[in-house]
Amino acid sequence: MKAAVSTVFVVDDDLAVRSSLGMLLRSVGLPVMGYSSASDFLTHYEVHQPGCLVLDVRMPGMSGLELQQQLNLKGAMIPVIFITGHGDVPMAVEAMQLGAFDFVQKPVRDQDLLDRIQKALVLDLDNRNKLQQHDSQRKRLTTLTPRERQVMDLMTKGRPNKLMAADLDLSQRTIEIHRAHVMQKMQANSLAQLVRIAIDLT
Amino acid sequence: MTEHSAPKVDSALPAQLARVSREAALTELAGGIAHEINQPLSAIATYAQACVRMLANPAPDLQEIQSALQQITDQALRAGDAIRSVRQQVGTKPTQRDAANLNELVADVALLITPELQRERLSLVLQVESDLQQVNINRLGVQQLLLDLLRNAADALVDAQHGDREIQLGTRHGDNDNVEVFVRDRGHGVATELRERLFHPFFSTRRTGAGLGLAIAKSIARSQGGTLLYRPNAPAGAEFYLSLPVYQKRVQI
């Protein structure tokens, strides 16, 4: 996996628009990659690359909207900021319905665009962290023994030890040991946290 | 003033005028022009904003700034080219003008538009001034202008009640010895605050309109030496009228 540096991917068929955006973003220290078409971007982009996408809504070939749909199908959650011409408001509305992060109108006010990009990058990292957390929790769950798994289910339903012991035909002491293992393996500090993890994993 | 509602069917009509609705073509054209000019403008704005940010750096990359400035020049020229090519396409060919009788022209236009209006269950009433002097116009241009005004009037009456589904087309004597041709409807008219911008390009009260119809009509009027004007119709609706100077025969000295 490549070093996870957040990159702004700019997709616009117009060379001047693309390179001016590249210059603007580099001037504030953002790493930028430019693509002249949606399909060019799709062939080069890997979903694990963090960043955000700045996309012209109206392009020859695959339109911005179609690209967004393709990304959705790939499960790529990279936030998309659409740039629209002045007559494209209905398209922008459609883009937002398809889950676009935001849109700005051409000509772009630099501060508006930069603010949105910053927000999009924060959201993207946040999403990726959550996903990673989710993955590691899922891994932790697989380390539980079948018995511990049973105990965890009952714990998260709020079943008291005494009743759990009766349910599973075990001593309360044994239940306590299983509980401790569950908390340790799932890296939960409190029952509330364990419940939270259980909800996240369902 | 004579009044009759069934125009007589006679003259052969130029093929170019046969029910051409230019609205769709105009909308596309306007969108295309807007895009061609907005792209370079957009690049210029972004390059300039990048320059400002780069110059704020204590050690600015002057080469990068120079290349941005060169790009700004190129893009400004590109926008200029786009405008020039539009001008060439739309053309500013001088139009041939001849002495013409507005009443005959009005009768032709009425004939042309009647089938369209009938489909919309609208009626057309002609009110022509019988004793009318000739004007010096390009007939095709003025016919097109009147057709556009009539179609606008028809659009304004889409939701009108039965009794109001009537458009008046006519001629009359105007101020300063001018001759006028008018189109009236009993629709909603034009709100006072919008009247000033009525003839501006890209101004439209319709959601789908390009806002070029009246701007073009106004420029056609000007090319005929006339003026296109608006006034509210009484008791309701809109009146657009074209005021034209009377044809003066050149006198040999």
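What covers the buried residues of α6(A)? Among the covering elements are three helices of chain A: α7 (161–168), α8 (172–185) and α9 (191–201). Keep in mind as you look around that this is a predicted model.

The residues in question sit in helix α6 of chain A, which runs over residues 146–156. E148(A), V151(A), M152(A) and M155(A) are buried there. Looking down the axis of α6(A), you'd find the buried residues within an arc of 105°, so they line one face of the helix. Just after the helix comes G158(A), with a positive phi of about 85°.

## The nonpolar cores

Now for the largest nonpolar core, which has 42 residues. The members that touch the most others are F9(A), L53(A), V54(A), L55(A), I81(A) and F82(A). Helix α1(A) is the top contributor to this core, giving six residues.

Take I81(A) as an example: leaving out residues up to four places away in sequence, its contacts include L53(A), V54(A), F101(A), F103(A) and I117(A). There's also a second, separate core of 39 residues, with L102(B), V106(B), L146(B) and V183(B) among its members.

## Where the chains meet

Chain A brings 16 residues to the contact and chain B brings 20. On the chain A side, helix α1 (residues 15–27) gives the most, with seven residues. By type, the side of chain A that touches chain B has eight nonpolar, five polar and three charged residues.

Methods
Residues numbered from 1 in each chain as written. Chains lettered and ligands numbered in written order. Predicted model: local features only at pLDDT ≥ 70, side-chain atom pairs only at ≥ 80, totals over all residues. Contact = placed C-beta atoms within 7 Å. Helix = DSSP H or I, 4+ residues; strand = E, 2+ residues; numbered from the N terminus. Nonpolar A, V, L, I, M, F, W, Y, C, P; charged D, E, K, R; others polar. Core = buried A, V, L, I, M, F, W, Y, C linked by C-beta atoms within 7 Å. Buried ≥ 20, exposed ≤ 12 C-beta atoms within 10 Å, placed from the backbone. Arc of directions from axis to C-beta.
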